[in-house]
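Colleague: Can we go over the pockets in this one? Put the model up first.

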Amino acid sequence: MGRLSSAQARAIDELGRAYMLMADRPFDAVSVFGRDAPLMLEIGFGSGTSLIAFAEANKHFNCLGMEVFQPSIANVLKAIHAKSLENVRIMDCDARSAVQQAFGPQSLSEIHIYFPDPWPKKRHHKRRLVNSEFVAELATRLCPDGVLRLATDDADYAKSMLAVCEAEARFENADGRGHFAPDTGTRPSTRFEQRGQALGNRIFDLVFMRIGA
Ligand SMILES: C[S@@+](CC[C@H](N)C(=O)[O-])C[C@H]1O[C@@H](n2cnc3c(N)ncnc32)[C@H](O)[C@@H]1O
């Protein structure tokens, strides 16, 4: 999806062999990374700022990014290659179906979704990625004490995320019921975050812990 420049098409062709995985089959950490390690999944990584920063700062994690927009995938493949990052792989897929296909129950340690498309019009809210059904699916894929991290600059979507995650019995709000997470400055600012800030929007972070067995 998305128009690729010839350089981007070449990146997918040449670097995809090393760094891209098929999402329609179970993910096997040992055959992909040569090790079993905590697994972080970022959904909709866009320009890849967060994914790359997390992978660089957390070498003890295996990291996966899911994205549907091919020009972004191509650019992030180039960044992974330029930085010789061994602990990141990319899946070109719709996360709504791929999460279930790729990951067994309780196989993920962290899931990050930063600035998902807000779909601000009420009649489009049903298209929002963070909804009850998907959040329940994510909860089954996280291991006990696993973490779901979300951020948005859309106040209405933020309230909806909070309600949906707090309604999921397998999640507990790390910052207390009804609270957004404080800005700790640990998450790098993404392209869409900067766009929201330029519009004067407040940034909302949410952190939920996977509870129960
Ligand atoms: C608003 S952008 C945010 C990008 C980035 N996280 C940031 O903060 O700059 C949302 C991204 O999610 C991707 N996306 C939307 N739906 C998706 C899905 N179902 N599966 C995977 N990626 C998706 C889009 O292609 C887009 O790159």
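Colleague: By class, what residues does the lining of the largest pocket have?

Modeller: The lining of the largest pocket has 16 nonpolar, 9 polar and 8 charged residues. Nonpolar means Ala, Val, Leu, Ile, Met, Phe, Trp, Tyr, Cys and Pro, charged means Asp, Glu, Lys and Arg, and the others, Gly among them, are polar. This is a predicted model, where local features need pLDDT of at least 70, side-chain atom pairs count only at pLDDT 80 or more, and totals for chains, interfaces and linings use all residues. Numbering runs from 1 along each chain as its sequence is written, and side-chain values use heavy atoms, without hydrogens and water.

Colleague: Which residues lie nearest its centre?

Modeller: Of the 33 lining residues, Gly44, Glu67, Val68, Phe69 and Asp117. A pocket is an open set of points on a 1 Å grid over the protein atoms alone, where a 1.4 Å probe fits, with protein on both sides within 12 Å along at least five of seven lines; lining residues have an atom within 4 Å of a point.

Colleague: What supplies the largest share of that lining?

Modeller: α4, with 3 residues. Helices (H or I, at least four residues) and strands (E, at least two) are DSSP runs, numbered from the N terminus.

Colleague: And what volume does the second largest pocket have?

Modeller: About 560 Å³, while the largest pocket has about 860 Å³. A volume is the space filled by probe spheres set on the points, which are joined across faces, edges and corners.
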